[in-house]
There are 2 protein chains.
Amino acid sequence: MKPINIGLMGVGTVGGGTATVLKRNAGEITRRAGREIRLIQAANRDVAKARAALGPDVLVVDDALQIVNNPDVDIVVELIGGDTIAKELVLKAIENGKHVVTANKKLLALHGTEIFARAQEKGVMVAFEAAVAGGIPIIKTLREGLAANRIEWIAGIINGTSNFILTEMRDKGASFAEVLEQAQQLGYAEADPTFDIEGHDAGHKLTIMAALAFGIPMQFDKCYLEGISQLDGRDIRYAEELGYRVKLLGLTRRTDAGVELRVHPTLIPEGRLIANVNGVMNAVLVKGDALGPTLSYGAGAGALPTASAVVADIVDVTRLLTSDPEHRVPHLAFQPDQLQDLAILPITEVTSSYYLRIGAIDRAGVLANITRLLAENGISIEALIQKGSVSDGTAEVVILTHRVQEKAINHAIAGIEALDSVAGKVVRLRMEELND
Amino acid sequence: MKPINIGLMGVGTVGGGTATVLKRNAGEITRRAGREIRLIQAANRDVAKARAALGPDVLVVDDALQIVNNPDVDIVVELIGGDTIAKELVLKAIENGKHVVTANKKLLALHGTEIFARAQEKGVMVAFEAAVAGGIPIIKTLREGLAANRIEWIAGIINGTSNFILTEMRDKGASFAEVLEQAQQLGYAEADPTFDIEGHDAGHKLTIMAALAFGIPMQFDKCYLEGISQLDGRDIRYAEELGYRVKLLGLTRRTDAGVELRVHPTLIPEGRLIANVNGVMNAVLVKGDALGPTLSYGAGAGALPTASAVVADIVDVTRLLTSDPEHRVPHLAFQPDQLQDLAILPITEVTSSYYLRIGAIDRAGVLANITRLLAENGISIEALIQKGSVSDGTAEVVILTHRVQEKAINHAIAGIEALDSVAGKVVRLRMEELND
């Protein structure tokens, strides 16, 4: 059979990795795909650098439009990132009847609904396994492997930078700032780490998974984001004493009232497998009504792991090139005319258990006041520990609550902070058992 | 689009679960598959029982041949098990041009090569996600998700019964016999548990995964099987002291000399995620050259989890009904003309680290003799602990070795057992780091 020609837009880390995998495993890939897959053209702003990375067999240009307009290119691989130029190029490629493979989570979380609609009209595929959790085939698992299930919820460790920082904070008792600096030196965190540590990256990935799980449009603007930069090492230690680990989780859950879509630091029982996912690794736990909980674990970033997903998509698209578009796996898992516009719940409507740390001026009555305020807001206590007086004359009270709506806990916290016997702000972290 | 008609052969636990999932999630499944999937006919020896389970909408017959010969049936689901009647029926269904979905690992591990060749000739699909690790989509991960990778090895906890027994032996310090009885009462082990506890079931599943990973024919007859029935609780405790957990692993690895294919109790470092997979749960760890290690975890058995995989296969086959057979995912991951006949290594040629427990009559010189025999066989020691004298006047020496060929350790063990100062047989368990 005729070889398949790939045009690559963006020759950075993942682009270089994709070229490496296509070359190194060419034999293995051809034995699987049934035809040769050739990288014929690449576009990169720095042409010389791309040429050095790709060798003499690949035509390198500086204008990516030449790729989407090249009649010899069957599949366009978009690894530029961002949602400006990349969006134009992807739409133009679709317009030209080309299939697209992309790792661009931001583009899809913000403009996926539009892009998939255009692809549907033109009968082309837009594959995006690499956009979520790097090389872990979680898109395939959600869209195909769990097709029999009513998916109930997803909880994912989907940002390696944050997970590395949290792992080090726990293992070494170091502060967020110290570990961030170390992560930057190791290349695990960007010079401006906001995108990773404030939950934006995880939010993009979660938005995509929620769309696939529940058959809803992409709604990143409604995703609640809370990062790890304000996390105090003390809370990681106290959580540990209570049998929990703190992870930055992306959580989405279908409830009668609507869909929860939220990224925040979360206490998880230490016995859960996902609580033991450490360092830069990623893992996604999905609860299906038939299968129960299933976890997928692996490298969520890096040149070769991400290329593994890009190339798997290329093989998939290659197999389906001649297929009838009506019978392909739908982009968003459900048939395009079967999407539902379920409401995304505001964070105040979400139900969770909570970890509270309260700085109490050490005197009689403070506990009674706190527990009274919790009770008045319908919040019951699962555990309470009091840490001995600290140097400034205050004690710390740590409370784990049962499940309650976030607005109730907010109201209780406001009341607690107003108490004379309470010093400073109450620290509040969400807690999930991940067992129902 | 026209509904797809399913004929179900075997209405036991998984058959009933399949009917339940198809009915309960009919809306969700249709939204994904783009057409209705209907169970129209079922065959079961006990017709009344099947009728009670399936309700009035499904025609129940006692002769499964009526299903494979029914012109209205598009997809035949084989849940009879075994490799006699099931084989005839599957071959007849293929002959009749029907697609087949099966959960029958024994059938495929023994006769898969023949069955897939016949399916290929007739242009039909034989899907078997449910044959390995129940509802975990590991077949899809191996065949499609990791298509870019040269797969290096697979290590799986793929028998829930054995994993439940090992978990309980560790948690409660109970003996194999005690826990087996408990497992039988809970329905986790059969009245005759041989198939599960002696590694046959795991061997079937491993054989299938090895074929998919390396593009080799099914060779269950060359799979080394060692179960858990001889495992002594002491060794689980000593392993624990040394930082290891004991799991029944299915292991397959590509080496320059050939393919390793083996099922046996294995010491794994306790920090590995797979070492923390407990109870009846399954997990498969796959090492790809691009992705690195990736783990898939979930329920490996049970009515609804297994049905999750059966129905996912039905949806896959439904989507591909009109596809060109040349472009489908090949049954064994690689194109049929691209299979390789790599040799399966005999267990004596396999390289592993080892755990040895030696009953030594407590007198000077015994350690010197043991270490001399190990050294003479080229075996270096990673750790050695001596447990104080036990009641019968012997001490126990526990040794962890570095990697060495099994025939060398066998030779050393024979020498050690011949020593006057050594009492009884040497206990030997294999040990894998699972990190390279």
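A polar contact is a pair of N or O atoms within 3.5 Å; within protein, one atom must be able to donate a hydrogen and the other to accept it, and residues adjacent in sequence count only if both atoms are side-chain atoms. In this predicted model, 30 residue pairs, both at pLDDT 80 or more, are in polar contact between chain B and chain A. The chains also share 6 salt bridges (a side-chain nitrogen of Lys or Arg within 4 Å of a carboxyl oxygen of Asp or Glu). One of them joins B:Lys140 to A:Glu144, at 2.7 Å from N to O.

Local features need pLDDT of at least 70 and side-chain atom pairs 80 or more, while totals for chains, interfaces and linings use all residues; side-chain values use heavy atoms, without hydrogens or water. Residues are numbered from 1 along each chain as its sequence is written, and chains are lettered from A and ligands numbered from 1 in the order in which they are written.

Contact (heavy atoms within 4.5 Å) involves 66 residues of chain B and 66 residues of chain A. The buried area is about 5,200 Å² (accessible area, 1.4 Å probe, lost on putting the two parts together, summed over both). Carbon and sulfur atoms give 52% of this area. B:Arg31, B:Arg32 and B:His327 supply 17% of the area that chain B buries against chain A, more than any other three residues.

Strand β12 of chain A (residues 292-299) runs antiparallel to β12(B), joined by 3 bridges (strands are DSSP E runs of at least two residues; pairing needs at least two DSSP bridges). Here A:Leu295 stands opposite B:Tyr297.

Note on methods. Helices (H or I, at least four residues) and strands (E, at least two) are DSSP runs, numbered from the N terminus.
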